[in-house]
Every structure is written in structure tokens, then in C-alpha cells.
Amino acid sequence: MSKARDLFVSLGVLLAGRGRAKLPERERIVPEKPPRPGWEATAVVLFGLAALSALAFPFLYAFGRHLSHETQWLGLSLGLAFVLAGAGLVVAGRQLIVTEEIEEDYPPEEHPEEQELLAQAIEETGDSLVSRRLFVLSLAGAVGAIGVAAVTPLVSLGPVFGISKFFSTPWRRGRRLVDESGRPWKASDIEEEDFYTAFPEGADEEELGSPVVLVRLPQSSFDLPPELAHYPANGIVAYSKICTHAGCAISLYRAPLFQPDEPKPALVCPCHYSTFNPADGGSVQFGPAGRKLPMLPLEIDRRGYLRAAGNFDEAVGPSWWGVRNRKPSPA
Amino acid sequence: MRRLALIVLVALVAAAPADAGSAQVLYGKHLFGRYCVSCHGMNGSGVTTPKSIGAGPGREQAEQQAVAPSLQGVGALAADFYLRTGYMPLQRLGLQPRRSRVLFDDAQIRALTAYVASLGAGPKIPQPQPQRGNLSQGEHLFADHCAGCHQIVAEGGYVTGAVPPPLEDATATQIAEAVRIGPYVMPRFTKKAISNAQLNSLIAYVQYTKHPDDAGGWALGHIGPVPEGLVTWFIAIAALIFTCMLIGKRYRSE
Amino acid sequence: MIRKTLKVLDQRTGDAPLLRKIARYVFPDHWSFLLGEVALYCFVVLVLTGTYLALFYTDSTRQITYHGPYKPLDGQKVSEAYNSVLNLSTTVRVGLLMRQTHHWAADVFVAAIFLHLVRVFFTGAYRKPRELTYLIGLTVLFVSLLEGYLGYSLVDDLLSGMGLAIGYGVAISIPFIGGNLGELIWHGPFPGTDVFFSRMYIAHVFLIPGLIGMLLVAHLGLVAMKHHTQFKQGPRETERKIVGVPTFPGQAPRSVGLMFVTTGVLFLLGGLAQINPIWLWGPYHTYLSTNGAQPDWYLGWLIGALRLMPGFDVVIGNYTLVPNPFWGGALFPLVVLAFLVSWPYVERRFITHDYGYHNLLDRPRDAPLRTGIGVGVFIWVALIFVAGSVDRVNVFFDLSYTATIDVMRVAVWVVPIVCGAIAYRVCVELAQGDEAERRRKRAEHRAKAMTELESS
């Protein structure tokens, strides 16, 4: 019983006592600093608040399951705990613990004796070699070659020389255009002043060569170069949905309600605002794209479904060294 | 004498259009004459070659070049949209119509709408039912058709030459109307492209975006890294620089 | 009790002399010397929170149907990676807090390194013998940009997916080898196969943090061995003598306090300020995009450069020598890096002809040409950075975006020169003012001494 009482008394003394360590008399290393009870109390209070805030964290975790703004309360408790503890330490650092300014030498710029000793040791080691240059060169050659061998497996991360894949798309003559859920598009589905996304039937929708954007324009608005004149089907045109600048999806369509004083129809990319004209084969009207939008030739089958009449007129997606070298495959 | 006046009155009433809203249409025509005819022409026939017009009610500049589409056949749907949002009357010609001051009170809007509807057969004011829509289907439709211009949570954006607005002030009816009209350079989505059921889902999603799930805290406008960068610098770095200046010394020269 | 611990430690490790050296190690005392520390503490928070996140993340791009608590995505196709992060953000109790703290820490980490670099540059701390320390620091900065990019791209949400597509566009735009490089990294043409996400994951959680960790150890080791530079604030500081606060007791509570405050600020942000709400963006598909997509702030300079470039590919015959994204996405950051890396050598070879050893720092006014050129380059990058988000500004203020871009295309070349020249002049004026002040003080001293002499 008295042991428990002793424990409580010790705890009380520990917490509330004004004990200071009695240091033996000797020359001080750290200069003396007069006590500042006010700041000391501030630091203690800050630490205490930090402790409470920190304890709130597991408490909230355990019992705050249905609290609204749970993340906010958790962050507040943990964050405040750190900030308050830090504030207490900063107070201690500035006000309670002495800040001395002492001097010291910078280390020497260099150590010429050690350099010399080291150089001498290396030179003397190589003394016994008859043809030192050959030895060193052959060693360097071996290590260098091993380095090349070590790097070689990285090539398997590739392909590195499979650029031909960049030209292949799932489109070929006769392939039907379908929507995201696989339903085939009919020409009569495509109305003016709207834009539609289509994919090759049965293909992977995520491939860059897959998605196309469909729009219908009045016949009078077309201004196609001769080689693309047969690409539209009844005024419906299809372009690759992947911007030729850096590969974002072109999901903006400017469809003027009233032509005389509104901007002309255009396909626009939201990333850097490359703007393409759907009436002339996809030429760049504004923005950093350096290449026109690839166009897909269309035809309408007997039952009214839209089908590709071939592959794109140019490779799809952002440009690389060989992008203008050939046409997409299969032809 | 009084009997004669009564007969004349009855004759006049009989001569006027027999439908119940005729007084409303007449009032609308009167308002149209005041605010709209200088751009949209007599009977809303439209003006396609620009003509110089002077200042007028609701118009800012002393002289403007008027050009405007025909309103014959646009229906009550269009009139209701443009008037209730304040898109029309256009303050300054040549600029994109934007949500702005609504010049008319409810009765005047009804009157103008009735008049425009009378100019030719056109769509009625829609009655969307977003509570019947499916939120996830709406999100998907919005991502497909709208996010490119309006941003994925409808905070608005930019397209070359126009500004797709944020949708936080749009009512369910206005959203339905805008989808069917395709104002300015917005595409026009007919029932074939987006059915009424799908439109309900789309509107449900747009309404969700007005108060989306912000479990992470202060939403910063839902537009992503730009405000996040501002917070990084002006809140976090500012606080940390302040702390560093508290801890360390300033330069002092002797 | 202190003595007992030290006795135990010293008997087993023999490092009491080392500990004493560390304890009395001298830190020159200026607040701007603490910026590097702030970055270090951000890194610690990144590693700890990042470890937590990695325990919940799935690096697979396999498409599954989402059926979690977030209703607007119910029933939609998402990747397993996206699903795991969505799950962490909505279902795991402190998941969102950890994720947001991690992301805020990344943003603040790069900002702190950048500020530290600014301090190092404008005070000439990179001069001999600290060139190696400087190069290591630059490496940490640029590697961190990549690390952050990979980190938020792992989530496979709409915004970061668009960012990856652009990264691919920039990679393949490198002349000659770009296409090959792109297919090597992505394991085929974009979007690549599922191993691409495995590669990003391993790079982000293991390879790059390991590299940064080792670089930081080397960086701090070099700083410690050569001792920190100092400002000459009085007669005591010289090239040979360092004046400052010892680690113990002076510096330790403040540094530890700074660590706590930094951690606290990051957790407060992590809980109170929403960052990267991926549930709002939805999953990435190559055929989807949203308006207003931006990279994290430290890549804003690149999107600005990409948007500013006029639209042309450099074509020779059928070969596309320089596809457009190369200029803004690859060449521009390379030029900035080359400037920073070569600056210590360029400065001493062509400007100061000072090949000497420096422990004392310059104030910016003491090196007007350095300050002028540094301000010019900084303004150049800053304007390009601003150009990357002017579309948002134009949405607010009804200015024409296309017109603003045209103006900025000229401004990014003209304004830096003007600002650099102004900075140069300001430095010269300030330095002259300081010199005049010194002469005045000396004259006053002399006058005072004279009067004292006369009166005695």
C-alpha cells in the first residue's frame, strides 16, 4: 500500500516538482543561460496540447467511424500534434536552450601529403608490371565489355525495333464502326452539329488506332483535296480521335448554331488546343500540332451501317521520326 | 349606344385568334418588337447580312452590327432557355452569348416564349425528371459528350474561340434545353443521340457536380493541379518559410 | 542516466568521439540555410506515407467493373490500379489522409528543393569546392520531377492518363530514336501492355527513391565534410573560420522542431485540403479526355512550353526530324538543366575568372551579372510556366486565349531580358549603396577617434 503511495508521490513530484540537476563544479562547455519560467511553461503547455491532439488520433480512429468529414478530423489531430510539438521545440530552441556562436576552422582545402602518399603507393604497386599500359587497357577492356553485357538484358524490356507496329491499326476495308458498347453505327444515326465516337468492330478500344470521331457536314462545306474527296460517306467524315500533337483524345467539337458570326466547325483537343478542320481533311487551324488529323475513308453498306473503306490516310497518334514514311497498315 | 359597343367588342374578340393565350402572344409580340426585332427581324425571320443598328433597350453600344438567326420553328424550348439564362437580349453583338442579367420578369418571359412558339411549330419546354436518372450512366454520358468542353465536373473550360461555361447555375430545365439546342458552338444532341431517359441521367450527374463528394476537404474549385500548386506555395511554403525565419537568423551586416 | 546510456553505446560502438564531433559541429545560422532541411523532411514523410500507400496499391491495368461506395462510377469499367486507389480513398480508414499527405508532400518537396536551389544559385554556394554537391542536388531535383510524375500516373485516372499520353508523345518526338525509346519504355506503342504499370511502380517505389536516398546521403555527407558555407556578417567569419551554432544544444531542437512543423503542415494539408480527387476525374481511357487537364505544378513549365509552340514539324523529305512536342517537352527542360549544370564553369571561365576556393557566400548584389542572368533565366521559365494555364485565366477574365498565346510567344523572350537588366542595375546600385555606407561609417569612426584624441 505504501509502495503505491510512494509511486503516486514520485509521479507528482516528477510532474510538478521544480527539480534542477545539481551539476558538479567545473568549467562549463555550454554557456549558462538564465531560467525563463514563462517560456518553459509555454513549451510544456505546447507539448501537452500536442500529446492530447496526438491521442485524439487513435481515439477518432476507434470511435469516429461514422463521423462526417472523418479525414479532416484525422488530419487535424495528427497535423496539430506535430505542429504543436514542433512549436514547443522551436520555443525551447529559441528561448530555453542557449544558442552559442562558436568558431571553428574550415577543413583544409586539400591534403597534399596524403595525396602524394596515395599516389606513391599506387605507382609502386604497378612497378612490377612489365607492360603496364597493356595490362591496364586489357583490364579496362574486360570491365567495359562486361558493362556492355550487363546492360544488354535491358533491351528485352523492348521491343526496340518494332516500329512497324506504330503503323498498324485495327481498321481495314469493310470493318464496321461500332459505339463503345459494340452497337454498330448506322449512317442515319449521325446528325449534323453533333459528334460521335466509333471503334472498329471487335477491336481493342484502347489502341491508339481504334477510336475515331464522326461528324456530318453539309455537302457545301467540304473543301477536300482530291485524294481525300471520296473519303466522306453522304457527308459523314471520320477522323482519328487521337491528337497528332501529343496523343490526347480529341473530345471537343465546335458546332456553330449560326454560321454567319460564329467560329466554323472544328475538332479541338483539350490538352494544348490543337484545332483541326473537319471539312478539309483535318488540317491544323491553331495550336502546336504539326501534322493534320488522319482521316478514315467511309462507306455505307446495303443495310445502312457505316463501314471503313480502308485504313487511315496517315499514321495515327503523335509524330515520331518515321511517321510520314508510309501509310498505316493494313492498306 | 352601349349595345353597339358590345357588338363591336364581341366582333373584335371573335376576329382575334381564338386560343386562350392570344393576349399573351400579343404581349409577347409587343416585347419582341421592343427588344428583339432589330436583330431577329420581323416575325423572327432572322438577319443574315450584317446591318448597322443603333442603341436599344438591353444593348450596350451606340452602334452595333446586327446579325441573328431565324426564330421560326425554334419553339418555346429555345426562347425559354435564352431568356431565363439572360443569354438574350445580347448586350454586345458579336460576342458569345453568356449567362447574364435577366431583363424580364416571369410573365414577360412567358409572353415572349408564347410569341416565339407561335412563329412556327417547334419543341416545347422540356420537363426533365433527373430523379429518375442513373448517376453512373450520367457520369459516363457526361465524360463521353460534355467533359471535353465543360470539364469532367462541369467547372467550365475553353475551346478555341469560345468559353464553355461552368454549369453550377444551370437548372434541370436549362440543361435539357441547352442539350437540345446546342447554343453557340455547343453540339446539338437530339433525342436520337441522347434519349430523354439518358438526358435524365445526364442532368442528375450535372446536379451532382454542383455539390460533389469532397471527402478530402477544401475542394479548391475542383479544377485540379493549378489551385493545388497555389496552395503548395502560398500556404505550405509560406508557413514553412515563416518557420525557418523564426528559427534562423536574418542577415545582419556590421 | 545520460552517462549510463553513453557508456553502453561507446563500449559497443566506440563512437563517443564521433558523437562529440557531431554534437559540436558548427552550423552557420541563417534562415535560408534551412530550406534544404525542409526538403529533406518532406522526403521522409514521402517515404513513410508512400510505404503505407504501397501496401494497398495494385499495379495492374486489367479492366474490372467497379462496385464500390462511390455511386457515380458504379458499374463502369476501371483498371485494377484505379480501383485499388479508389478503394484506399473511400474505404480504408486513414487511406485518404495518407494519400493526400503523400501528394501534398510531393508538391512541397519539389517546391522546397527549388527554393533551396534559388538560394544556392544566387549566393554562389556552388563554387569550388562544392560543385559536386551542387550537381548531386540538381540530379535530385530533376529525378524528383520524374518521381512525382510517375507517382500520380500510377493511379490511372483520367487526368494522369492524359498526362502519360503526352509523356509518350514527348518521348517519341526525340529525333531519330524517339519512336524506339517510346516502345522500349511502354513495351509497344501507347498505351503499352500491363507491364508498363509494373515498370512505373517499381521505378516509383524502389528504384528512384533508392537513388534519391543515396544521392541525399552523398549530398549531406559532402556538405558535412566541407562544412556549410556562410555569409560574411562581421569580422569573425572568414574563408578559413566558420562561425555558427553547434548541433548540440543549439541547432538540434530547432532542426527537430522544423521537422515536426513540416510534418505537421503536410498532415494538416493532407486532412483539410483536397488534392487529386481521383473519384471525380474517373478512370482513364485513351478515347476520353477532359477540359482543364493540367500536370502537377512542377511540370507546369513543360505544358506551357508545349502550348506556346507554333504548330510545325521539322520535316526532311519523308522523315520527321523534329516532331513538335520535342521543343517544349524535351529540349526546353534540357536547356534549363544544361544552363544550371554548366553555370559554375561558365561563370568562372567567362565572367569572374575566379577559380578560387570559396566558403564565404555572396549576397546577390555582390555578383550583379550572376544575379541578372539568373533572374532572366528564372523569368523566362516562369513566364512559360504561366502560359501553361492562361486558358483558365481567360475563362475568368474573358480575354482571348489565342491572342494571349500570341502575346506570350513574344513576351517570353523580351521580358526576361528586361527583368535581367533591371536586376543587374538594382544589384549594382545596392552594392554601391553598401560601399557608400561603409565609407561613411569609416569616416565617422575616424572623426570620432580624432575628436577623442583632441579632447584627451
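In this predicted model, seven residues of domain 1 of chain C are in contact with eight residues of domain 2 of chain C. On the domain 1 side of that contact, the elements that contribute two or more residues are α5 (95-123) and α13 (325-351) of chain C. The greatest contribution to this side comes from α13(C), with four residues. Sorted by class, the domain 1 side that touches domain 2 of chain C holds five nonpolar residues, one polar residue and one charged residue.

The two domains of chain C are laid out as follows. Domain 1 is made of two segments, 27-279 and 317-357, while domain 2 covers 363-456. Taken over C-alpha atoms, the centres of domain 1 and domain 2 of chain C are 28 Å apart. Chain C as a whole contains 16 helices and eight strands, and its C-alpha trace extends over about 95 × 65 × 40 Å along the principal axes. Of the 456 residues in chain C, 50% are buried.

As general background, nonpolar side chains tend to be buried together in soluble globular proteins.

Attention now turns to the contact between chain A and chain C. Here 73 residues of chain A meet 78 residues of chain C. On the chain A side, two or more residues each come from α3 (70-96), β1 (102-105), α6 (164-167) and β9 (283-286). Of these elements, α3(A) gives the most to the side that touches chain C, namely 17 residues. The chain A side of this contact is made up of 40 nonpolar, 21 polar and 12 charged residues. Within chain A, the domain assignment places domain 1 at 33-97 and domain 2 at 167-308. The C-alpha centres of domain 1 and domain 2 of chain A are separated by 60 Å.

Chain A also meets chain B, in a contact that draws 28 residues from chain B and 28 residues from chain A. On the chain B side, α7 (147-150) and α10 (225-247) each supply at least two residues. The largest share of the chain B side that touches chain A is that of α7(B), at three residues. By class, this side of chain B comprises 16 nonpolar, nine polar and three charged residues.

Chain B itself is assigned two domains, with domain 1 spanning 17-118 and domain 2 spanning 130-210. Their C-alpha centres lie 25 Å apart. The contact between these domains of chain B involves 11 residues of domain 1 and 11 residues of domain 2. Five nonpolar, two polar and four charged residues form the side of domain 1 of chain B that touches domain 2 of chain B.

Two packed helices are described by the angle between their axes and the distance between the axes. For helix α6 (residues 135-145) and helix α9 (residues 196-210) of chain B, the axes come within 7 Å and cross at roughly 90°. Helices α6(B) and α9(B) are therefore roughly perpendicular to each other. The residues that meet are B:L135, B:Q137, B:G138, B:E139, B:L141 and B:F142 from α6(B), and B:Q198, B:S201, B:L202, B:A204, B:Y205, B:V206 and B:Y208 from α9(B). Eight nonpolar, four polar and one charged residue make up this contact of α6(B) with α9(B).

Technical notes:
Residues are numbered from 1 along each chain as its sequence is written. Chains are lettered from A and ligands numbered from 1 in the order in which they are written. This is a predicted model: local features need pLDDT of at least 70, side-chain atom pairs count only at pLDDT 80 or more; totals for chains, interfaces and linings use all residues. Two residues are in contact if their C-beta atoms, placed from the backbone, lie within 7 Å. Ala, Val, Leu, Ile, Met, Phe, Trp, Tyr, Cys and Pro count as nonpolar, Asp, Glu, Lys and Arg as charged, and the others, Gly among them, as polar. Domain bounds come from an automatic or database domain assignment. Axes are lines fitted to C-alpha atoms, for helices over the stretch in contact, and angles run from 0 to 180 degrees between N-to-C directions. Angles under 35 degrees count as roughly parallel, over 145 as roughly antiparallel, 65 to 115 as roughly perpendicular and the rest as oblique. A residue is buried if 20 or more other C-beta atoms lie within 10 Å of its own, exposed if 12 or fewer, and partly exposed in between; C-beta atoms are placed from the backbone.
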